[in-house]
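Subject: Structure handover

Hi,

Here is the structure you will be working with. My notes on it follow below.

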Amino acid sequence: MLYPQNNHTRQMHDLSGFWQIHFDEDNSGAFESGFEGGEIIAVPASWNDQIVGRRDYLGIAWHQTQFALPWGWRGQRIFIRFNSVNYLAEVWLNGLRLGEHEGGHLPFAFEITNHVRDQDNLLVVRVDGALSVDRVPPGQIAGKENITFGGANFPDTTFDFFPFCGIQRPVLLYCIPQQAITDVTVVTEIEGAAGIVNVKTAHTPGESLSTRFTIEGHGAFQTAEGVDGGGILIIPNAAFWSPGSPRLYQLTVELLREGVPVDRYTLDIGIRTIKVDGDRLLLNGEPIKLLGFGRHEDFPVVGRGLLPALIIKDYGLMYWIGANSFRTAHYPYSEQMMQLADQLGFLVIDETPAVGLFFQEPGLARRNELCQQYIRELIDRDKNHPCVILWSLANEPHTSTPEARRAYDSRDFEVIAHSSQPAAVEAFRELAALARALDPTRPITLVSWEGAVEESWQFVDVISFNRYRGWYQQSGRIDAGVQRLAQEIDAIHTRFPGPFIMSEFGADTIPGHHADPPEMFSEEYQTEFLSKTIAMLNSKPFVAGQHIWNLCDFKTSQGVIRMGAYNYKGIFTRDRRPKMAAYRVRQLWTGRETEDEG
Ligand code: GCU
């Protein structure tokens, strides 16, 4: 799905600003033609922390705004695009229903060419934030205690972050020509010093249409006429893309009618390759180690809302600490976050919103359908980003039978046959096949907590494992925890050879709380926990990545294991202040001890 842009053939107009919101508590209303007396809300942003008294409201909320059609757009094809609405959106324009979209964190758009007026347009969006067993991520599950730890929590999620909802990313009006470029897919290869750029495009049908491709940057300028909408450009002595040197080229795609350009789309591309070779992840043919974090899009007041200055802050913190990567836990991040990862040179494990999955009824078929929808939408949105090196099919699906999970740990990680529920294995067989069909160029992973009994790891290229030994297990005993973790990841690697990413490890830490000797929740404990775990991970050649959980503290649901409804495993606080561990991790990842070493 092409991101809207401004040039001499296309225009976009951002509808961000102050809208009105009406909370429809008993779902009484049909407000598609607008409502009176709403409260003012800033869009984009979640409503939960922004509107006083509405933190825990996850019901129906109607949003509305007015707009005029920008001058000169009439005669073009006109669309409205939502970059993210969580959880379910229904949209009307001037009282006419445009459609709906289920699932937050991924974009959707409707054509409004024949419905939009020159003036006084009323856009109405009904947002439904409810948790449910037949939604992904799921919630409101009976008998949850045998699916996930933590037992009762409020709101009743099966995942460990607050279910913020609302219009959380920009709403964009945009126009394109009657005959336009509708899709671009870029795949890059490297041959010696040359970069090979394969471009495939789709465009609206029409007589005497052709395509032309131009690549500019780093002293190169190459043009090629398209054949059936496709083209190959070879850049001799190309500047390759990598975290150390994120060199981008500008690709321009033109749609020509009888040789005259009628549409034009430009995008930044990076010439790089990503491949699995035995136990190694190869970027541009060279082994890489991912150093970084699992994160969240989360901040006071805006909730999960887009905050450009925070994006800049977080990249600055990750650069300062020596990270080269992150995982978009547990949902796709904003287009702005992805564009900056390309520009600044961060490797991204791009994860769908499939978190907290379980494989019992009710709702199983619907949850599987949504997981497949999300993979399609995610790959369609992010397929051209050089920063994306792995697709993550899900985070911590509860795939094993409870008895298998209980037996696994007590029998020293012995593999128990048929430990995964058949429904889980089938679901991930299909999801992996779908991801490969949609994008055969990138390896895929599944982030699991089940350990060596995770049968669905047979379908992926890279193993991603979450485990908190020294925290949830071997609590208070860091050395014992690290030792058991070393044994466990050896057992996993024996059963599932290939690159291994420790995708989550961490310890809750109350900023300013100290203890000597270190004890749980103190800054000293987090520092020792991370240092010793990292040292062990560094000793294993098949460990291709270490992602600390989490970059920053973040908001969760309420429960006895989440003080103040926060997860405190950040090495920075929620307002981005460093804890003691941040300095130690910086030293471990960069070798720099203090500021004066640059
Ligand atoms: C899990 C999960 C995270 C969660 C973390 C924790 O591994 O993936 O979403 O926040 O554990 O318990 O801190």
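Start with the interface between domain 1 and domain 3. The two bury about 3,600 Å² between them, and 60% of that is on carbon and sulfur atoms. Bear in mind that this is a predicted model.

On the domain 1 side, 43 residues make contact; on the domain 3 side, 50 do. How many salt bridges are there between domain 1 and domain 3? The count is 4. There is a salt bridge between the side chains of Glu102 and Arg366, at 2.8 Å from N to O. Polar contacts between domain 1 and domain 3 come to 21 residue pairs, with both residues at pLDDT 80 or more. The side of domain 1 that touches domain 3 is made up of 20 nonpolar, 14 polar and 9 charged residues.

Rolling a probe the size of a water molecule over the atoms shows where empty space is left. Searching the whole structure turned up 5 cavities of 30 Å³ or more. The largest cavity has a volume of about 150 Å³.

Best wishes

Terms used
Residues are numbered from 1 along each chain as its sequence is written. This is a predicted model: local features need pLDDT of at least 70, side-chain atom pairs count only at pLDDT 80 or more; totals for chains, interfaces and linings use all residues. Side-chain values use heavy atoms; hydrogens and water are left out. Contact means heavy atoms within 4.5 Å. Buried area is the accessible area (1.4 Å probe) that two parts lose on being put together, summed over both. A polar contact is a pair of N or O atoms within 3.5 Å; within protein, one must be able to donate a hydrogen and the other to accept it, and residues adjacent in sequence count only if both atoms are side-chain atoms. Ala, Val, Leu, Ile, Met, Phe, Trp, Tyr, Cys and Pro count as nonpolar, Asp, Glu, Lys and Arg as charged, and the others, Gly among them, as polar. On a 1 Å grid over the protein atoms alone, a cavity is a set of points where a 1.4 Å probe fits but cannot get out, and a pocket is an open set with protein on both sides within 12 Å along at least five of seven lines; lining residues have an atom within 4 Å of a point. Grid points are joined across faces, edges and corners, and a volume is the space filled by probe spheres set on the points.
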